[in-house]
Amino acid sequence: TRTVRDLGVSLKKQLTLKVEGDQLRVDHKLVEILSQCLTHAVRNAADHGVESPDERKKAGKSPIGVISISVEETPENIILSLRDDGRGMD
């Protein structure tokens, strides 16, 4: 949440973070690796995915961009998804 808030300030974008499935327990070493990867992915979503508030308004969107992280555990895997409600890819 803090990373998203700080990114919003530095990029002059209004951002919010939604997290689902944050009750998962994982090994401490995995948390360190995931944290670095997630931080990089969130930065990319904020920087390249979510438009500026003016661009979002022109596109008929809320000026507040949403970055969502969800975590799901299956018997074999941990599924981690990151999405943003930005313009998408060409």
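A residue is termed buried under 20% relative accessible area, exposed over 50%, and partly exposed in between, with a 1.4 Å probe and protein chains only. By this criterion, 20% of the 90 residues of the protein chain count as buried. The structure is a predicted model, in which local features need pLDDT of at least 70 and side-chain atom pairs count only at pLDDT 80 or more, whereas totals for chains, interfaces and linings use all residues. Residues are numbered from 1 along each chain as its sequence is written, and side-chain values use heavy atoms, with hydrogens and water left out.

The protein chain contains three helices and three strands, assigned as DSSP runs numbered from the N terminus (helices: H or I, at least four residues; strands: E, at least two). Their order along the sequence is α-β-α-α-β-β. Along the principal axes, the C-alpha atoms fill a box of roughly 45 × 25 × 25 Å. Contact is defined as heavy atoms within 4.5 Å; among contacts between residues at least 6 apart in sequence, 63% join residues at least 24 apart. The chain exposes about 6,800 Å², of which carbon and sulfur atoms supply 50%; accessible areas come from the Shrake-Rupley method with a 1.4 Å probe, and for residues only the protein chains shown count as cover.

A nonpolar core is taken as a set of buried Ala, Val, Leu, Ile, Met, Phe, Trp, Tyr and Cys residues joined through side-chain atoms within 4.5 Å. The largest such core has nine residues, namely Val4, Leu7, Leu15, Val42, Ala45, Ala46, Val50, Ile67 and Ile69. At least two residues of this core come from each of helix H1 (2–11), helix H2 (28–49) and strand E2 (64–73), and H2 gives the most, with three residues. Val42, located in helix H2, is buried at a relative accessible area of 5%. Beyond four places in sequence, Val42 touches Val4, Leu7, Ile67, Ile69 and Leu82. Val42 and Ile69 are 27 residues apart in sequence, with a C-alpha to C-alpha separation of 9.1 Å. In soluble globular proteins, nonpolar side chains tend to be buried together.

Among the residues touched by Val50, beyond four places in sequence, are Leu15, Ala45 and Ile67, together with Arg56.

Lys12 lies in the loop between H1 and strand E1 (14–20) and, at 70% relative accessibility, counts as exposed. Phi of Lys12 is near 60°, a positive value in a residue other than glycine. Most residues other than glycine have a negative phi.
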